[in-house]
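Have the sequence and the 3D view ready as you read.

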Amino acid sequence: MRHLRLYTRQGCHLCEDMQAQLQELQAEHGFTLELIDLDREPGMQSAYGRRVPVLETAEGTCLCEHYLERMSLLNYLNDG
């Protein structure tokens, strides 16, 4: 099972949109999703800043920023 990390911030509508889209895809594609709130992780704020939301693989590869790139995600999920 693939594991994804979604870096978000409070009050970010783009973050909420991507999270909702990913949760819809979870049942069909069987991946786990870890939500990381950058407002609660001060050390990570400088690394991600205004790039949120950021979707990464468990290995740290960025799949997309700001908007869900569905094809990028599906290619990753179907590659293994």
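## Asp39 and its partner

In this predicted model, Asp39 has a relative accessibility of 33%, so Asp39 counts as partly exposed. Asp39 forms a salt bridge with Arg9, and their closest N and O atoms are 2.6 Å apart. Arg9 sits in the loop between strand E1 (3-8) and helix H1 (13-29), while Asp39 sits in the loop between strand E2 (32-37) and helix H2 (42-48), so the pair ties together parts that are 30 residues apart in sequence. Arg9 is also partly exposed, because its relative accessibility is 28%.

## Other salt bridges

Another joins Asp37 and Arg40, with the closest N and O atoms 3.7 Å apart. Asp37 is buried, at a relative accessible area of 12%, whereas Arg40 is exposed, at 67%.

Next, find Arg51 and Glu65, whose closest N and O atoms are 2.8 Å apart in a salt bridge. This pair links distant parts of the chain: Arg51 lies in the loop between H2 and strand E3 (54-57), and Glu65 lies in strand E4 (residues 62-65), 14 residues apart. Arg51 is partly exposed, with a relative accessible area of 28%, and Glu65 is partly exposed too, at 27% relative accessibility.

## Around the rings

Now turn to the aromatic rings. Arg2 lies over the face of Tyr76, at 4.2 Å from the ring centre.

Definitions and conventions
Residues numbered from 1 in each chain as written. Predicted model: local features only at pLDDT ≥ 70, side-chain atom pairs only at ≥ 80, totals over all residues. Heavy atoms only, no water. Lys NZ or Arg CZ within 6 Å of the ring centre and 35° of its normal. Salt bridge = Lys/Arg side-chain N within 4 Å of Asp/Glu carboxyl O. Helix = DSSP H or I, 4+ residues; strand = E, 2+ residues; numbered from the N terminus. Buried < 20%, exposed > 50% of the residue type's maximum accessible area, 1.4 Å probe, protein only.
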